[in-house]
Amino acid sequence: MSAKSAINKELFTPHDEKMLAGVQVKRRTKKKIPFLATGGQGDYTTFICLSVTNKKPSHVSLTKVKQFQGSSAFVKRSQWTIDQLRQINGIDSNKDCPEFDLMFDNGLDQWVASSAGEKCTFIQILHHTCQRYCSARKPEFINCQSKLLGEGLDTVVYHCKVYFNRMRKVPYRGPPQKQGNSILHSAAGSVTSAVQKASQALNERGERLGRAEERTADMMNSAEQFAVTAQKLAMKHKC
């Protein structure tokens with residue numbers, strides 16, 4: 001069983017929660033430890049996990065999970081509600097990179113993920129989760145690639161609406177010719193149709209993302225289990 005599958009099984013499933021996404025991380029800057037802090041357990045691996053409760057109303061949380069060297073158990077170290085998240089900094093909006101920052105009400109954590117791909121998947125799911133579950137104040141996503149935020153279709157809808165509003169504000173210049181009037185109505189009708197189609201596509205995309213979000217944990221677990229099995233078979237044939 002992979003680490004993320006084990007985390008979901010040990011820490012979230014017993015509390016009637018499901019893990020939507022997880023990313024293995026390390027700190028970019030070392031955190032200062034008080035002089036009197038003792039009892040450390042040595043090296044450890046850190047994960048940032050995104051989870052949601054199964055019961056309604058849904059509660060979304062970000063949890064820092066650690067696994068100490070020599071132990072198979074996972075331990076929750078810190079937890080924040082999604083409403084405490086203020087900003088997500090993707091560091092570079094022009095290319096994939098493993099670094100990212102999470103800013104909460106009570107502090108800032110600077111992380112580097114185990115891979116750029118893992119970080120991108122995590123931010124993509126986190127963004128959609130915030131759009132779906134944050135009620136009033138949504139966190140700010142900065143320096144993130146547009147492909148992670150699903151901005152393509154939103155931009156099309158926005159520009160269509162801007163163009164349509166401009167056409168509505170064209171000043172009156174006397175009775176138009178029959179041909180010009182026909183062209184104007186045709187153009188307005190085309191823009192209205194484009195806006196309606198784009199809006200419908202946006203709603204359908206949101207529904208698909210919602211269903212995909214609910215299956216993310218299962219798909220992630222299945223893929224990782226397949227990778228583990230494949231590795232074992234490869235080692236067996238090599239022997």
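**View 1. The whole chain at a glance.** Buried residues (under 20% relative accessible area with a 1.4 Å probe, protein chains only; exposed is over 50%, and partly exposed lies in between) make up 33% of the 239 residues in the protein chain. This is a predicted model, in which local features need pLDDT of at least 70 and side-chain atom pairs count only at pLDDT 80 or more, while totals for chains, interfaces and linings use all residues. Residues are numbered from 1 along each chain as its sequence is written, and side-chain values use heavy atoms, leaving out hydrogens and water. The accessible surface (Shrake-Rupley method, 1.4 Å probe) comes to about 15400 Å², and 53% of that belongs to carbon and sulfur atoms.

**View 2. Helices and strands in order.** You will find five helices and eight strands here; these are DSSP runs numbered from the N terminus, with helices (H or I) of at least four residues and strands (E) of at least two. Along the sequence they follow the pattern α-β-β-β-β-β-β-β-α-β-α-α-α.

**View 3. The open sheet.** Eight strands line up as E4-E3-E2-E1-E7-E6-E5-E8 with mixed pairing, where two strands pair if DSSP finds at least two bridges between them. Strand E4 (75-81) and strand E8 (140-142) stand at the edges, each with a single partner strand, so one side of each has no neighbour in the sheet. From one strand to the next, the twist averages 30 degrees (axes are lines fitted to C-alpha atoms, for helices over the stretch in contact, and angles run from 0 to 180 degrees between N-to-C directions).

**View 4. Two helices on the sheet.** Helix H1 (residues 3-12) packs on the sheet and touches E1, E2, strand E3 (60-68) and E4, a contact being heavy atoms within 4.5 Å. The direction of H1 makes about 125 degrees with that of E1. H2 also packs on the sheet, touching strands that include E5 (85-89) and E6 (99-104), and its direction makes about 135 degrees with that of E1.

**View 5. Strand E1 and its two neighbours.** Strand E1 (residues 17-27) runs antiparallel to strand E2 (residues 44-53), joined by eight bridges. Look for lysine 18, whose bridge partner in E2 is valine 52. E1 also pairs in the antiparallel sense with strand E7 (residues 107-113), over three bridges; here valine 25 has alanine 113 as its bridge partner.

View 6. The buried residues of H2 include Phe122, Ile123, Leu126 and Cys130.
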